[in-house]
Amino acid sequence: LFLMAARRIEDTLQAIIQDPDCTPRFQNVCRRMLNCTPPPKGAPLQRPTFVLMEGLDTKPWHDPSSFEWVQELNDNWTAIRDEYDRIAAKYKPDPIKSNVGEGGEWKTFYLWNQGEKNVKNCEECPVTTALVEKIPLLMSDSGLGYIYFSIIKPQTHITPHCGPVNLKLRCHLPLHVPEGCSMRVGEETRPWTEGKAVIFDDSFLHEVKHTGADGDRVILLIDTWHPQMTEFEIASAKQIM
């Protein structure tokens, strides 16, 4: 079965490379996957573990005002926060173990997990779900895509790490931000402000700290495809990643 699956992936990669709509940069991605070649070097502190495609705007932090859909999220952040508060009062979140420093605690309520919709959680959060589903280039049907409420407890350090690809951008909408919370992406550390979304490239080295004593830090995390990808590149990425 493993060999059959590997053969199907190889055939898909070859078909993508030969398609006349395939860009040279995505052909390079497919060839590296075929040859099991690690991704090339990116910008300083950009170290995706799986895929780096050349030719995309490369910077750790992106200007949220460049994305029209961000304002609607900001305008409705209290409604989203209220839905989180209700679901948090009813259910236990799922723990995340990776990249958590000793003594820390990171948990999540998934709305989409690797492209799979959590119907129960989405039904509990109809306003949030409706707003998220309006976002262009939402990664709701890709194994690379996550949308979830992210909760970290006081005295938690999410240690420096890089995402797998540079094909996406990640949005954080802060809902509860106690004192002592910050995130570093690349070389720049920024605090969150409740109701003000930020957008960053998680293929850059990044880490999160909650050094405060009281209250959970809660954000809504949303993955979107990089806006400079072509429709063909996005459709092909969904097939192979």
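User: Which residue just after helix 2 takes a positive phi?

Analyst: Cysteine 36 does, with a phi of about 55 degrees. This is a predicted model in which local features need pLDDT of at least 70 and side-chain atom pairs count only at pLDDT 80 or more, while totals for chains, interfaces and linings use all residues. Residues are numbered from 1 along each chain as its sequence is written, and side-chain values use heavy atoms, with hydrogens and water left out. Helices (H or I, at least four residues) and strands (E, at least two) are DSSP runs, numbered from the N terminus. Cysteine 36 sits in the loop between helix 2 and strand 1 (61-62), and its positive phi occurs in a residue other than glycine.

User: Is cysteine 36 buried or exposed?

Analyst: The terms first: buried means under 20% relative accessible area, exposed over 50%, and partly exposed in between, with a 1.4 Å probe and protein chains only. Cysteine 36 has 70% relative accessibility, so it counts as exposed. In helix 2 (residues 24-34), by contrast, the buried residues are Arg25, Phe26, Gln27, Val29, Cys30, Arg32 and Met33.

User: What is the phi of glutamine 155, and where does the residue lie?

Analyst: Its phi is near 65 degrees, again positive in a residue other than glycine. Glutamine 155 belongs to the loop between strand 5 (146-152) and strand 6 (156-161). With a relative accessible area of 52%, glutamine 155 is exposed.

User: How is the packing of two helices described?

Analyst: Two packed helices are described by the angle between their axes and the distance between the axes. Axes are lines fitted to C-alpha atoms, for helices over the stretch in contact, and angles run from 0 to 180 degrees between N-to-C directions. Here helix 4 (residues 77-90) packs against helix 6 (residues 126-133) at about 130 degrees, with the axes 8 Å apart. That angle makes helix 4 oblique to helix 6; angles under 35 degrees count as roughly parallel, over 145 as roughly antiparallel, 65 to 115 as roughly perpendicular and the rest as oblique.

User: Which residues make the contact between helix 4 and helix 6?

Analyst: Contact means heavy atoms within 4.5 Å. Helix 4 contributes Ala79, Ile80 and Glu83, and helix 6 contributes Pro126, Val127, Thr128 and Leu131. By class, the residues of this contact are five nonpolar, one polar and one charged. In this scheme Ala, Val, Leu, Ile, Met, Phe, Trp, Tyr, Cys and Pro count as nonpolar, Asp, Glu, Lys and Arg as charged, and the others, Gly among them, as polar.

User: Which residues of helix 6 are buried, and how are they placed around the axis?

Analyst: An α-helix has 3.6 residues a turn, so residues three or four places apart point the same way. In helix 6 the buried residues are Thr128, Thr129, Leu131 and Val132. They cover an arc of only 165 degrees around the axis, which puts them on the same side of helix 6; the arc is that of the directions from the helix axis to the C-beta atoms. Threonine 128 has a relative accessible area of 0%. Leaving out residues up to four places away in sequence, threonine 128 touches Ile80, Glu83, Leu111, Phe149 and Leu220.

User: What does the side chain of threonine 108 reach?

Analyst: A polar contact is a pair of N or O atoms within 3.5 Å; within protein, one must be able to donate a hydrogen and the other to accept it, and residues adjacent in sequence count only if both atoms are side-chain atoms. The side chain of threonine 108 reaches the backbone oxygen of phenylalanine 149 at 3.1 Å. Threonine 108 is in strand 3 (residues 106-113) and is buried at a relative accessible area of 0%. Not counting residues up to four places away in sequence, threonine 108 touches Pro93, Asp94, Ile96, Tyr148, Phe149 and Ile151.

User: Where does tyrosine 148 lie, and how far in space is it from isoleucine 219?

Analyst: Tyrosine 148 lies in strand 5 and is buried, with a relative accessible area of 5%. Tyrosine 148 and isoleucine 219 are 71 residues apart in sequence and 8.3 Å apart in space, C-alpha to C-alpha. Beyond its neighbours within four places in sequence, the contacts of tyrosine 148 include Thr108, Ile219 and Leu220.

User: Which residues does isoleucine 135 touch?

Analyst: Not counting residues up to four places away in sequence, isoleucine 135 touches Trp69, Leu73, Ile222 and Thr224. Isoleucine 135 is in the loop between helix 6 and strand 5 and is buried, with a relative accessible area of 5%.
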